[in-house]
Structures are given as C-alpha cells and as structure tokens.
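Open the model in your viewer and keep the sequence panel beside it. We will go from one selection to the next.

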Amino acid sequence: MKKFIAVLFSLAVTSFAANVQILEPTGADFSADAPTIVKSLLRAAVSKSGNTPVEDASEIQLRTSIMSMGGHLLVVCEQLKGGAVVISSKQKSIGVDDLDVAIEKATVEALLGHQDNLVDQAPAENAQKSEPLPVNTSVITVEVEEKPAEEKPLEKRPTRNYNGFGLGVALWHNYDYSRDTTNKDDKDVDRDWSTSFVFHYARIFEVSNHAAITLLNNMDMVFGKGWQIHETFLIGGRYYIQSGAVSPYFGAGIGLGGQFDNHYAEFSEYFAIGIAGGVEAGVVFFRNSAMQLELGAAWDALWDGFESFDRRFGAGSLYIAINY
C-alpha cells in the first residue's frame, strides 16, 4: 500500500514538472571551482523538486546569489518568469560545508512556490473552455527523523606570509666599562653612542586581520675608528591597530643576539653573545596588497652572557622595508 501511494505521489509531481533554466550564480567566489560546484548543486536541487534543469532559454528561470553576512553564507534563490521575480527564498549556511543543504532548501522552496503560482495564474481563456480541475484533498504524511546537528570544528583562517627586507639608520651603544667593578685594571671605556647602518629582515605570519607572528633580525654595523656589529634574532608578535590599507602596528620579541666591538683593550672583550629582546612600532602601507611598504622603528637590547645583566648593548633603528 505504501509503495502504491509513493507511485501516485511521484506521478502527481511529474505532471507539474517544468523546464527550469539555471542562470549563472553570483557571489560563488570562495574557491576557484566554486561556480561549477554551485551550479551542479542547483541542478541536483531542481531535479529533486520534480522539475527539469536546462541550459537553454526557458520561460522559468532560477537566479541564485551567494553572499557573506556576519561570518555566514546567505543563499538567495529567485524564480523569474518573463524577466520578473515570481517568488524568492533564502537560506543561511554556517559555512562552506553546509552550503549544499542551504542551496537545496532554497531551490526546492522557491520552485514549490512557483508551482503554486502556475495553478493560480492559468490563462483566462482556458478556464472558460474547461471545467475546473478537481481538488485533491488527500493528505500524505511523511515522518522525518530529526538527527541532532553534528558539532564541526571551527574553520581555520589561511595565514598570509610575508618576507620583509629593509635598510635604515641606527643609534648604537655599548656598556660603560668604567662601571664594571670586575675589570678595574683594564682600560676604561665609556658608553659610546654611534650612528650606524641597519639591515632589517622579517618573516611575518598574519594569523588574523589584527595579529601576526614575527621572526625579526636587525643587524647594525659601524665601520670607522671603532668597529661595531650588533645583531639580534627575535621571535615575537605584532598587533595591527586597524585592518585597512594603512595599518599602524606595535610589537615585541625575545631571542638571542651577538655583538662585536673593538673599543676594548682586551680581545676577549670584543665579542658578546646572550639573551636579547626588542620592541617595534611602525606603519604598513598597502596592507591589503600582495606587496607592502613598511616604515618601522625598533629598539634592540643584548645582554652579554646568560648569568649577568650588567653588560648591555643596545641599538635604536629607523628603517624602510618592502614586504612581499
């Protein structure tokens, strides 16, 4: 008996089947093959509604738009007849994984509403020549088992990676040897402030519109009466105050550093290696582009050795860099 009722229901749906032209969907830009995927889902949904999807021009047309709204995807299906919207429907999808369900629901609802209008909008002359169609008052009950929605992991945002190269100027200083009580017999060396050149390199991993993980390398060099080479390698983070094309930022990092300075009398004092830290701030221009221009300022500090923080070298720098 159930099979007999199902056959009658299928015949009833088939009798109202129509050709539906599927127009090119708009807004399907979440991947390179998104338009093809969406159009395939629309054809399947039209077939499921009992209608026939066609590519050629037809009296009935299906226009679909996909839009982003508050982190969700909104699917809007509009039924066109003679260029005018007959009925429209909309469905919201949490993400791309649920987009097929939203497309199917929106399409079927729009087509079923259109079929109701076909009965109401029958030509007047045909109504005069024929008797009214009998009304089918039978009711078909379909039991659907509702399953709880599965919890899905949060979608991951793809990171944008940049290499940054820059040049600029720096103000470098050593530590005051005359205050080091452990080396009273050596030649005193006062704290020396020297202008130098800086070479800046950065590896930037943007994990959100406002945050990035950074690997920073600043190398300051002075060549003249006294030679100094000051270099730090820092791992840290950066926060962008705004996410527009022009984005000010500030950040910090910690790591290791090395130093060469021939101001001192003993050769053993020329070299230093130890813990380093630093802070940075600046502005990134054309941030929404694949290539960016950056104006930055940084302060790096290096402590000689890993046990004492008495000997500190430092350098403040200004630079201009290209990120790509």
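Select helix H2, residues 34–48. In this predicted model, H2 lies across E1, E2 and strand E3 (60–69). Against E1, the helix runs at about 165°.

Now select strand E1, residues 19–22. Which way does E1 pair with E2? The pairing is parallel, over three bridges. Pick Gln 21 and look across: Val 54 in E2 stands opposite.

Next, show the whole sheet. Five strands form an open sheet, and their order is E2-E1-E3-E4-E5. The pairing is mixed. Strands of a sheet can pair parallel or antiparallel, through backbone hydrogen bonds.

Go to the edges. Select strand E2 (52–54), then strand E5 (84–93). Each has a single partner strand, so one side of each is left without a neighbour in the sheet. Then view the sheet as a whole again. On average, neighbouring strands are turned by 30° against each other, direction ignored.

Now colour the chain by confidence. The mean pLDDT is 78, and 73% of the residues reach 70 or more. Where is confidence highest? Select strand E12, residues 292–303, with a mean of 94. Helix H4, residues 124–129, has the lowest confidence, at a mean of 41.

Two last stops. Select residues 4–15: pLDDT stays under 50 there, and the model has four contacts beyond four places in sequence for this stretch. Then select residues 114–133, where pLDDT also stays under 50. Here the model has 14 such contacts, beyond four places in sequence.

Note on methods
Residues numbered from 1 in each chain as written. Predicted model: local features only at pLDDT ≥ 70, side-chain atom pairs only at ≥ 80, totals over all residues. Heavy atoms only, no water. pLDDT = per-residue confidence, 0-100. Helix = DSSP H or I, 4+ residues; strand = E, 2+ residues; numbered from the N terminus. Contact = heavy atoms within 4.5 Å. Pairing = 2+ DSSP bridges. Axes fitted to C-alpha atoms, helices over the stretch in contact; angles between N-to-C directions.
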